[in-house]
Amino acid sequence: MSQNQALRLHVPEPTGRPGHETDFSYLHLSRAGEVRRPPVNALPSDTGDLAYTLVRVLDDDGLALGPWAPQVDAQLLQRGLRAMMKTRIYDARMLIAQRQKKISFYMQCLGEEAIATAQALALQPGDMCFPTYRQQGLLLARDDVDMVEMICQLMSNERDPMKGRQLPVMYSYKRAGFFTISGNLATQFIQAVGWAMASAIKGDTKIASAWIGDGATAEADFHTALTFAHVYRAPVILNVVNNQWAISTFQAIAGGEATTFAARGVGCGIASLRVDGNDFLAVYAASQWAAERARSNLGPTLIEWVSYRVGAHSTSDDPSRYRPADDAARFPLGDPIARLKAHLMRLGAWSEQEHDATQKELEAQVGAALKEAERYGSLAAGHMASAAAMFDDVYKDMPAHLRQQREQLLKLSSCK
Amino acid sequence: MQMTMIQALRSAMDVMLARDGNVVVFGQDVGYFGGVFRCTEGLQAKYGSSRVFDAPISEGGIVGAAVGMAAYGLRPVVEIQFADYFYPASDQIVSEAARLRYRSAGDFTAPMTIRMPCGGGIFGGQTHSQSPEALFTHVCGIRTVMPSNPYDAKGLLIACIENDDPVIFLEPKRLYNGPFDGHHDQPVVPWSQHRLGEVPEGHYSVPLESAAVFRPGADLTVLTYGTMVFVSEAAANESGIDAEIIDLRSLWPLDLPTLVASVKKTGRCVVVHEATRSSGFGAELTALVQEHCFYHLEAPIERVTGWDTPYPHAQEWAYFPGPARVAAAFKRAMEA
């Protein structure tokens with residue numbers, strides 16, 4: 001008989017389940033302004049404390065505090081607020097469109113709007129983002145991306161730039177620095193590093209921005225990305241959006257219990273920050289810091305954005321089955337739009353009237369875009385890319401077997 | 001000049017590194033050391049470590065980074081040390097490289113080449129002998145290519161690097177230093193004594209989707225590639241059966257007209273590959289011949305392949321489809 005106690009398998013559980021409140025003390029928050037801002041040439045090993053604390057700028061009263069408060073004018077913040085509002089309104093409208101069966105599927109980024117929009121504004125033209133399916137803010141923050149075209153993608157209609165080949169939300173906008181989204185999680189994280197290595201190989205000045213969620217950090221490509229980024233000092237920002245949930249699994253089951261995702265970066269020799277993802281100013285400042293490091297040949301930065309996935313994982317998900325219904329309201333970092341709005345109002349650079357007017361204007365803009373996109377058809381109503389287009393772009397030039405298969409299909413269609 | 005397959009492959013990379021500033025070469029031990037098979041020897045010294053460099057031991061990382069580089073506009077030529085070790089990169093190959101052009105409707109592309117030494121006959125055991133080509137030919141969006149000699153190796157590799165589709169370039173390591181006909185008890189003849197060891201120094205290419213009639217014949221058609229080209233040749237010579245040996249070179253997409261023309265001429269077909277039998281690439285070849293040559297066939301299509309087992313170490317020559325097994329299939333096809 002063994003002298004030892006029987007071993008027990010540890011399976012992490014969230015404190016909150018339907019009917020039980022979440023205890024958010026696991027987040028280990030810092031106060032606004034409390035965390036230091038090192039020089040951009042800080043050694044990765046000197047960022048250890050930053051991986052376990054939380055960079056925050058905006059306090060509960062909407063004041064910008066501490067060394068991370070970015071030197072930006074109110075105009076840029078208004079632009080950011082507008083981009084966040086646009087993203088939220090777009091999401092809400094597309095969610096309805098999905099319920100109305102105008103589109104087959106949708107994924108919101110409700111509550112996470114600050115992260116993608118602020119980083120989009122901190123990047124430069126020519127930089128390439130490698131997003132997941134929840135960074136629509138990268139596109140909606142830009143004025144040069146046509147919302148109608150985005151909705152055409154959602155509708156898989158005849159103006160869908162992806163020709164109906166991709167699920168809704170799997171956008172691709174090379175000209176806007178937005179890499180083609182894949183359904184396979186984490187694959188883009190290492191690809192971003194490769195893109196950044198290419199920029200360095202060619203002596204370019206462009207940088208890459210990689211995106212991954214908390215759950216997907218468990219994928220092998222998360223590790224390969226960190227290793228390659230570190231080994232080759234690739235000019236890349238490695239963004240980990242920790243929204244606490246991967247569909248139904250709490251971030252602890254991804255490996256977040258009693259540690260942080262930022263700490264992984266330090267362990268791999270990458271300068272790392274853990275940042276309030278609902279604080280637009282902090283997101284902008286940290287993104288700028290990381291972008292400057294990358295652009296100055298100082299290497300990669302990993303940033304864990306602490307946020308909360310307020311909405312359902314997707315239109316196919318019902319979060320009330322695995323987490324408390326009022327969880328988002330209790331999340332201690334609040335709402336990114338409300339917080340930036342309060343700050344701008346404190347600066348005297350925003351008002352309830354302006355907010356309402358902007359809300360209405362954006363609602364009208366999104367509504368009009370949806371209406372226009374609907375004119376080009378939808379999956380439900382037909383008018384999609386031709387079936388023959390299904391065979392294009394598998395290869396650069398269509399091989400004989402695909403030409404033959406296309407002919408077979410066309411013959412079949414002409415019989416009908 | 002005379003080159004081994006190793007030298008021919010190195011020459012192809014040398015030529016392309018010199019011609020196209022977007023070509024980069026990397027993988028495990030590929031840089032300073034010049035590769036465990038010497039295929040990249042001297043390239044880092046010649047082109048610098050930003051063009052030719054060592055990579056961490058991470059197949060998923062190597063291929064994933066190459067996809068990102070290709071999306072940027074480079075033309076990466078990466079190496080997986082043994083084909084047996086590509087599996088960690090499966091997701092990047094199947095879900096990403098192969099689909100980038102399609103899913104983005106041409107917005108992003110992946111012009112990249114993944115070199116993998118493959119095949120057995122070297123006492124490589126389970127993880128240094130596999131022939132995983134069927135796992136690639138089943139993936140739409142990639143090309144799978146395998147040379148059988150130095151001339152084709154260089155010309156095909158240049159064609160693959162220049163091609164805008166992602167390519168899996170399988171190199172039969174048994175053929176690196178000389179042709180091998182399966183007679184393991186006989187001394188190996190070096191490429192310097194073979195007509196196909198004569199390789200031009202400069203740029204040339206062998207077109208993709210084009211098979212070669214390696215040995216013309218009238219009795220039956222052999223559809224094969226890699227090391228089995230030479231095994232089939234030995235089987236033909238030893239059995240006295242006038243086999244027409246087709247070296248596919250491009251496995252998929254392939255050169256169907258050349259295959260069909262040969263089988264329609266001979267009326268008999270034997271498919272030969274090292275890879276395991278069930279759902280191997282031979283099944284696709286057999287199906288294609290059946291579809292396109294049914295009324296010309298005078299016998300059932302034979303398949304000579306590796307057994308449906310992992311590649312063993314001690315039982316190497318009982319596993320490897322040598323000339324005796326291939327010749328027996330020739331006889332069956334002739335007698336049917």
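In helix α1 of chain B, the buried residues are M5(B), I6(B), A8(B), L9(B), R10(B), S11(B), A12(B), M13(B), V15(B), M16(B) and L17(B). Buried means under 20% relative accessible area, exposed means over 50%, and partly exposed lies in between (1.4 Å probe, protein chains only). Helices (H or I, at least four residues) and strands (E, at least two) are DSSP runs, numbered from the N terminus. The model is predicted: local features need pLDDT of at least 70, side-chain atom pairs count only at pLDDT 80 or more, and totals for chains, interfaces and linings use all residues. Residues are numbered from 1 along each chain as its sequence is written, chains are lettered from A and ligands numbered from 1 in the order in which they are written, and side-chain values use heavy atoms, with hydrogens and water left out.

Helix α1(B) spans residues 5–19. Its 15 residues reach 21 Å from the first C-alpha to the last, close to the expected 21 Å at 1.5 Å a residue. The expected span is 1.5 Å times one less than the number of residues in the helix. Of the 15 residues of α1(B), 11 are buried, so the helix is largely enclosed by the rest of the structure. D20(B) lies in the loop between α1 and β1 of chain B. D20(B) is partly exposed, at 21% relative accessible area. Leaving aside residues up to four places away in sequence, D20(B) touches R51(B) and R75(B). Contact means heavy atoms within 4.5 Å. The C-alpha atoms of D20(B) and W307(B) are separated by 43 Å, and the two residues are 287 apart along the chain.

Chain A holds 12 helices and seven strands. Its radius of gyration is 22 Å, close to the 22 Å that the globule rule gives for 416 residues, so chain A is as compact as a globular protein of that length. The radius is taken over C-alpha atoms, and the rule is 2.2 Å times the number of residues to the power 0.38. Along the principal axes, the C-alpha atoms of chain A fill a box of roughly 70 × 70 × 55 Å. Of its 416 residues, 56% count as buried. Among contacts in chain A between residues at least 6 apart in sequence, 75% join residues at least 24 apart. The accessible surface of chain A comes to about 17,600 Å², and 51% of it belongs to carbon and sulfur atoms. Accessible areas come from the Shrake-Rupley method with a 1.4 Å probe; for residues, only the protein chains shown count as cover.

Helix α1(A) covers residues 74–99. Its 26 residues reach 37 Å from the first C-alpha to the last, close to the expected 38 Å. K101(A) follows this helix and has a positive phi, near 65°. A186(A) also has a positive phi, about 75°, although it is not a glycine. A186(A) sits in the loop between α4 (147–155) and α5 (187–201) of chain A. This alanine is buried, with a relative accessible area of 1%. In chain B, D29(B) has a positive phi near 65° and is not a glycine. D29(B) is partly exposed, at 33% relative accessible area. A cis peptide bond joins W252(B) and P253(B), with omega about -10°. P253(B) is in the loop between β10 (250–252) and α9 (256–266) of chain B.

Over all chains, the count of salt bridges is 38. A salt bridge is a side-chain nitrogen of Lys or Arg within 4 Å of a carboxyl oxygen of Asp or Glu. R88(A) pairs with D335(A), with the closest N and O atoms 2.6 Å apart. This pair links distant parts of the chain: R88(A) is in helix α1 of chain A, and D335(A) is in the loop between α9 (327–330) and α10 (336–346), 247 residues apart. D335(A) is partly exposed, with a relative accessible area of 25%. R215(B) forms a salt bridge with D242(B), at 3.0 Å between the closest N and O atoms. R215(B) lies in strand β7 (residues 212–215), and D242(B) lies in the loop between α8 (228–239) and β9 (243–247) of chain B. R215(B) is buried, at 18% relative accessible area, whereas D242(B) is partly exposed, at 28%. A network of salt bridges links R56(A), D276(A), D279(A) and R339(A).
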